[in-house]
Amino acid sequence: MAAMATVPSYTPSLWVRMCHALPRLDLTMQMKDNIFVPDSWEYQQTLLVLSSLSAIALVISLLVVLSFLIHYCCCHRGDRSEGSEEEEEDEDGSTGHGYSGKKGRGICCVTWVAVASVTLCCVAIGIGFYGNSEANDGMYQLTSSLLTANYTLASIDLLIIDTISGLQLSVSGPLTSMEELFTGSKPFLTSTRNCRRLSDNVINLLSSISLARSGIDAGLGNDNISGASIIPLTPVPPSVAPTLVPSSGLMPSPFSPGWAANTLMVNEDYRWLSYVLLLLLDLIVCLFILLGLAKQARWLLILMTVLAWLALFLSWGSLGLETATVVALSDFCSDPNTFVLNSTNFNTGTSSDVLDYYLTCSRRMNSPFQQVLTQSQRALSNIHTHLSSLDRNALTQFPKAEKSLREVQQILNSTEGNFHQLVALLNCRGLNKDYIDSLKGLCYDGMEGLLYLSLYSFLSALAFTAILCSLPGAWRSFPRTPNVSSNGNPGYESLPLTDRQSPPPSYSPSMLTGYGGSQSHPNPAHSRNLYSR
């Protein structure tokens, strides 16, 4: 009873319940149920409507950026037509850098808006890296649990195949020889035939276990099973456990956890790598924007503006995919047992009672294989009783039957060892724990990671919208670099006359010598005459 109390359980998280409660609309704007039915076109319509919200947000962002650009262009052209009086006033009041007048305050404001937007983008990137890691951890736990469940199911298949093969080998080999030897003794012949009949009963009972039916059909397809080695089965590791992989790439029927784990691992690798590349793109754009603002490199900011447009589209697009995925995942995680029980892919070859037993693993439920295992155990015990009786009584009269009898006993010992392992594996605790662990990985860590990725996409989209609104004003405010002549002096030919500065006066060496000599020996009389005036 204490062991049953430790059986893990799954409860939908708060985020799952909140996302599951979101209203659903189809393409005709009618309310729909939030039941997870991925194959239904109506359910797919609700996901399309939710993901289209990001497209609407993208259009709004484009309109905002376009309005800012139009406003900037109109205001900049109006400033040029006002004349040079206000510009001179701003320049007179400045300290040489052009940041104290009205125009300077506007430039400073635009620059700080760009810096604040880049900072927000960096925060979003940090959130994105954390969300990507959480989602990857959840998928890793999901695939690990599926591989462990596949390992258990493959071990059940192999144990049943090994047990049936051993019993068939005993029926076709040593038991047949013993029947020929005991032809003249009716009691010994009856015991031998009872062993054959009981072995056939165990074979039929174990073949009825639906969890291993596909493996049994594949493993017993060859009728010539003589010579098979009957040894206690050691299960293979999960990484090399048999996995049904269809050549067409579609989901196999019945459902294979190993196939699902392999498919999810491949898709998760691509998803993780895609987000890492997107995050690195955003990070590179943000860092080079800061570098361009610090160095006042106009060409660098123009290049980063083009990349910012790309990042804006990718951010809103990823937000649409994440929104649809979060909603669909919340619908599944709110009641996963119902979807698994109602799915035809799971019910193929497996009854709903068997699935319900492993999904819930309640102490009030009896194993659907309990009757089969009990009858098989009794049959094996009866076979052991008959063999013990023959060992005590028949060998003294038929010493040639000793070899065949020892082979049957060896096969029976191996069969009983495999049978005890099979009973332990068919218990619901192991598979139910794998099922609960997979749900926790998908619905806890995976859901949390997707929510953080959605927040990253939203914040990065807002940040890049603000960046695209402020960068044009920032790079237009940078001072133009004057041309440099071949001798290293700045050239003024490309500057307008109003912006040219007067060159410093030039003196010849004779003028400098005369001026310096006259200043070094002043005339005292002349100085007195000047002051006397």
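This is a predicted model: local features need pLDDT of at least 70, side-chain atom pairs count only at pLDDT 80 or more; totals for chains, interfaces and linings use all residues.

Visitor: OK, so is Ser 457 buried or exposed?

Guide: Ser 457 has 0% relative accessibility, so it counts as buried. You'll find Ser 457 in helix α16.

Visitor: Switching topic: how many residues are in the largest nonpolar core?

Guide: That core has 43 residues, and Phe 182, Leu 206, Tyr 358 and Leu 426 have the most contacts inside it. Elements giving two or more residues to this core include α5, α7, α15 and α16. Another core, of 33 residues, lies apart from it, with Leu 58 and Met 304 among its members.

Visitor: You mentioned α15. Which residues are buried there?

Guide: Among them are Ser 404, Leu 405, Gln 409, Asn 418 and Phe 419. As for length, the 24 residues of α15 should span 34 Å at 1.5 Å a residue, and the end C-alpha atoms are 35 Å apart, so the two agree.

Visitor: And the surface? Which helix gives the most to the nonpolar patch?

Guide: Helix α9, residues 257-295, with nine residues. The patch has about 850 Å² of accessible area together, and its residues include Phe 129, Trp 272 and Leu 287.

Visitor: What's the relative accessible area of Leu 287?

Guide: It's 46%, so Leu 287 is partly exposed, and that residue is found in α9.

Notes: Residues are numbered from 1 along each chain as its sequence is written. Side-chain values use heavy atoms; hydrogens and water are left out. A nonpolar core is a set of buried Ala, Val, Leu, Ile, Met, Phe, Trp, Tyr and Cys residues joined through side-chain atoms within 4.5 Å. Buried means under 20% relative accessible area, exposed over 50%, partly exposed in between (1.4 Å probe, protein chains only). Helices (H or I, at least four residues) and strands (E, at least two) are DSSP runs, numbered from the N terminus. Patches are made of residues with over 30% relative accessible area and no salt bridge: like charges are joined within 9 Å, nonpolar side chains (Val, Leu, Ile, Met, Phe, Trp, Tyr) within 5 Å. Accessible areas come from the Shrake-Rupley method with a 1.4 Å probe; for residues, only the protein chains shown count as cover. A salt bridge is a side-chain nitrogen of Lys or Arg within 4 Å of a carboxyl oxygen of Asp or Glu. The expected span of a helix is 1.5 Å times one less than its number of residues.
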